[in-house]
Amino acid sequence: MPGLEFRVNSWLASDLVDPKENEMLSSLTIAAGDVPLTEVNDVFAHTVRDSIHVPMYLAVRWLLLNWWRLRWEPRPAVPGFDWRKAHSMAAISSDYAWPSVTFDSDGDFIHVQARAEQVADVAAVRYLRNIDVRVPARQFEKAVDDLVDVLEVRLASRLPDERELREVREELREERTDPTLAHECKLQALAGLHPGTADPQWLISAIQLAREAGPSSGDEVIAASTTMPDRLAGARRTLAAMRGSPWVVKLDPSVDVPLAVDDELPWQRGRRLAAAFRARLGVRQGPLATGVLEDLLETRLAAGIASTTGATGTGRRALAGGFREDVDRGRTSLLPTSSRRTNQRFYVARLIGAAIVADPADRVLPVSDVQTALQKFERSFAQELLCPWVELDALTDDRGTDEAGVQEAADYFEVSEYLVISALVNNGKISRNRLPVDLM
């Protein structure tokens, strides 16, 4: 798995007016593994190089000021100006040709994305790389810390009286090492807020809500609240609806393999644990029958939901899931989302995955569309549990991936066509433009 490095190759002479920029002008390479994200075509020099000439002071200041959001905030479905300002290096300043590199987090990994330019910018450099890589979050933290260390040495020798950057880093160091402060900063970042800018009452409410949900699921609830019209209030009502739902199931699944493996991506973890769980159920091949799920959960699906809710379905929710009233016995109240059998099968499959990896102290098993590691894991787990990739691959090799082939696969595995298409896309078997608009 590629690492991340901000490498100062050399300090450059300059005549910039601002002493911080003048003394900190550098040749900078940003690399993911052996691939330079900063590879550029220098039009004036008629050469290609893997470094850019920028004032490191500005880059480090941006990384420190946005550290919490870079470390924890997921990418929204439609990134807005505020999100891009905190996550794209192009927003560092308008005076230099910063790369179009964005960082977004799922909590476990940082997604590093670079985009090539078609034409040179006003600085006469053109970025050449299209890159999408995921690096473990601890490697991102180390890369930033190492870069700040380099700059602090330079500051000590060239601008010993400079205090701003030292104070910013000291404040961040205190936040990272104090568990209470770190938790508060993390919650604010998950909600798309810079630490210290949240209204005090919002912070109190967020802490209480996260505590009610649980040590791990609380983060998920706060992140999902950003997609709800009334945010924390809406999330709180959703948790109350979960807790009061009459649809009670048994959710105490387990597997005979390690729950986590170092540097394992969420989708890899989901696929591995789903295969282990199928083996535990004795269903190593073929569709997972609805009856097996119903016996496992001690409930009925479509008919059972309709009879207990008095409705055919409640529609898509920004946040759904279950509330664990009795963790030891696995008794969990589930919030209904649909009466369609294929949707229910996928929904409860996600919840089985969530229950397998949940912290024992988590009361909520959240299901949402937020791009966190848990939600990526849940979707991968459910997909592999219901529709194992090796079998889907073989079936679509035989029957095709056109509309009829997709429908046949969906009918065979008792899943939606959406699930089949997304599995084929995620595994590179068909083009991404086959995805329905709401899945792209």
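A nonpolar core is taken here as a set of buried Ala, Val, Leu, Ile, Met, Phe, Trp, Tyr and Cys residues joined through side-chain atoms within 4.5 Å. In this predicted model, the largest such core has 127 residues. Phe 6, Phe 103, Ile 222, Leu 251, Ile 352, Phe 381 and Leu 392 are the ones with the most contacts inside that core. Helix α14, running over residues 341-357, puts in nine residues, the largest share from any element.

Ile 222 makes a handy close-up. Leaving out residues up to four places away in sequence, Ile 222 touches Leu 187, Leu 190 and Ala 191, along with Ala 206, Leu 209, Ala 210 and Leu 232.

Zooming out, the protein is built from 18 helices and 14 strands. Its radius of gyration comes out at 24 Å, close to the 22 Å that the globule rule gives for 440 residues, so the protein is as compact as a globular protein of that length. The C-alpha trace spans about 75 × 55 × 40 Å along its principal axes. As for contacts with a separation of 6 or more, 64% of them link residues 24 or more positions apart.

Of the 440 residues, 51% are buried.

Technical notes. Residues numbered from 1 in each chain as written. Predicted model: local features only at pLDDT ≥ 70, side-chain atom pairs only at ≥ 80, totals over all residues. Heavy atoms only, no water. Helix = DSSP H or I, 4+ residues; strand = E, 2+ residues; numbered from the N terminus. Rg over C-alpha atoms; globule rule 2.2 N^0.38 Å. Buried < 20%, exposed > 50% of the residue type's maximum accessible area, 1.4 Å probe, protein only. Contact = heavy atoms within 4.5 Å.
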